[in-house]
Amino acid sequence: MRLPADNPVFCAVDTNSVEAADHLAHRLAGRVGGLKLGLEFFAAAGPDGIRRVATHGVPIFLDLKLHDIPNTVAGAVRAVVPLGPAFVTLHAAGGRAMMQAAAEAARSEAARLHRPRPRLLGVTVLTSLDDDDLRAMGRDEPVAQQVDRLAHLALDAGLDGLVCAATEIAHLRRRFGREPTLMVPGIRPAWSGADDQKRVTTPAEAMAAGADFLVIGRPITRATDPADAARRVREELVAN
Ligand code: C5P
């Protein structure tokens with residue numbers, strides 16, 4: 001797998017336009033550790049859109065948040081392996097068998113195609129949900145306990161790591177050690193605004209807390225000069 005050796009930043013390219021994503025990939029190749037493409041882009045542009053972005057040689061984090069029966073999720077993982085994503089996400093709430101099937105599918109399909117294996121990251125509780133939302137779904141534990149429970153399930157089922165909020169990093173490192181990959185969104189460089197993020201952490205704070213990778217979207221994608229914004233993020237990281 002081509003993992004960013006010295007740049008932990010995955011830029012979130014939240015668009016449904018192949019042209020816009022292609023343009024950003026061109027500007028940002030070599031300036032960020034990778035690009036995060038999500039469900040919106042995949043629904044609009046499909047595997048061809050991913051292939052086009054990948055031609056710029058930048059590692060891809062395919063944020064599909066898969067959640068279905070084990071057979072279907074395994075099939076979806078097998079189908080994306082040829083696209084060569086560095087990371088793929090799935091919902092830990094899909095359960096142990098689903099995650100085990102996904103991990104086995106990633107391993108066996110990558111071996112069959114002689115391709116690098118995508119790293120699978122579990123999503124625990126969406127930050128759009130609070131304790132009341134969970135109760136309405138019959139899940140009575142508070143968010144923090146659900147995060148802990150689902151993180152344990154995901155890692156025990158063989159996933160490589162987790163997507164987590166910066167506020168969860170310290171707890172997850174204490175509980176699960178250095179091994180799991182932690183990918184952290186909700187990051188804002190010191191010089192940028194918060195947009196609609198309620199709680200933000202700077203890149204340096206998140207890395208110091210134990211993040212492996214940072215997801216940063218709008219501070220880079222909406223900057224007048226995205227390449228320069230990526231450079232400033234990097235500078236801020238190196239300086240700290
Ligand atoms: O533009 P911004 O940096 O806020 O984008 C962050 C990216 O990370 C978006 O793609 C968003 O969907 C994703 N994300 C997030 N917070 C989470 C989980 C994912 O902002 N808790």
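This report walks through a predicted model, from its nonpolar cores to its ligand site and a few individual residues.

**The nonpolar cores**

Let's begin inside the protein. The largest nonpolar core has 63 residues, and Val32, Leu35 and Ile220 are the ones with the most contacts inside it. Helix α4, which spans residues 96-113, gives this core its largest share, seven residues. There is also a second, separate core of 11 residues, with Phe10, Phe61, Phe213 and Val215 among them. As a general background, nonpolar side chains tend to be buried together in soluble globular proteins.

Leaving aside neighbours within four places in sequence, isoleucine 220 is in contact with Val9, Cys11, Leu28, Val32, Pro226, Ala229, Ala230 and Val233.

**Helix α10**

Several of those partners bring us to helix α10, residues 226-239. This helix has 14 residues and reaches 20 Å from its first C-alpha to its last, close to the 20 Å expected at 1.5 Å a residue. At its start, a side-chain oxygen of aspartate 225 comes to within 3.2 Å of the backbone nitrogen of alanine 227.

Which residues of α10 are buried? They are Pro226, Ala227, Ala229, Ala230, Val233, Glu236 and Leu237. These buried residues pack against β1 (9-12), α1 (18-28), α8 (203-209), β8 (213-216) and α9 (218-221).

**Around the ligand**

Now look for the ligand. The residues around it are Ala12, Asp14, Lys36, Thr127, Pro185, Arg188, Gln197, Val215, Ile216, Gly217 and Arg218. One of these, Val215, also belongs to the second core.

| Residue | Atom on the protein side | Distance to a ligand oxygen |
|---|---|---|
| Aspartate 14 | polar side-chain atom | 2.8 Å |
| Glycine 217 | backbone N or O atom | 2.7 Å |
| Arginine 218 | backbone N or O atom | 2.7 Å |

Taken alone, the ligand exposes 460 Å², and the protein buries 78% of that.

Most residues other than glycine have a negative phi. Two residues are worth a look with that in mind. Lysine 65 has a phi near 45°, a positive value in a residue that is not glycine. You will find lysine 65 in strand β3, residues 60-66. Because its relative accessibility is 31%, lysine 65 counts as partly exposed.

Aspartate 195, also not a glycine, has a positive phi of about 55°. Its place is in the loop between β7 (181-184) and α8. With a relative accessible area of 46%, aspartate 195 is partly exposed.

Is threonine 124 buried or exposed? Its relative accessibility is 7%, so threonine 124 counts as buried. This residue sits in the loop between β5 (119-123) and α5 (131-136). Not counting residues up to four places away in sequence, threonine 124 touches Val147, Leu150, Ala151 and Leu162.

Our last stop is alanine 45, in helix α2, residues 39-54. Alanine 45 is buried because its relative accessible area, 16%, is under the 20% cut-off. Alanine 45 and proline 118 are 73 residues apart along the chain, and their C-alpha atoms are separated by 20 Å.

Key. Residues numbered from 1 in each chain as written. Predicted model: local features only at pLDDT ≥ 70, side-chain atom pairs only at ≥ 80, totals over all residues. Heavy atoms only, no water. Core = buried A, V, L, I, M, F, W, Y, C linked by side-chain atoms within 4.5 Å. Buried < 20%, exposed > 50% of the residue type's maximum accessible area, 1.4 Å probe, protein only. Helix = DSSP H or I, 4+ residues; strand = E, 2+ residues; numbered from the N terminus. Contact = heavy atoms within 4.5 Å. Expected span 1.5 Å × (residues − 1). Polar contact = N/O pair within 3.5 Å; in protein donor to acceptor, adjacent residues only side chain to side chain. Near = heavy atom within 4 Å. Areas by Shrake-Rupley, 256 points an atom, 1.4 Å probe, with all protein chains shown as cover.
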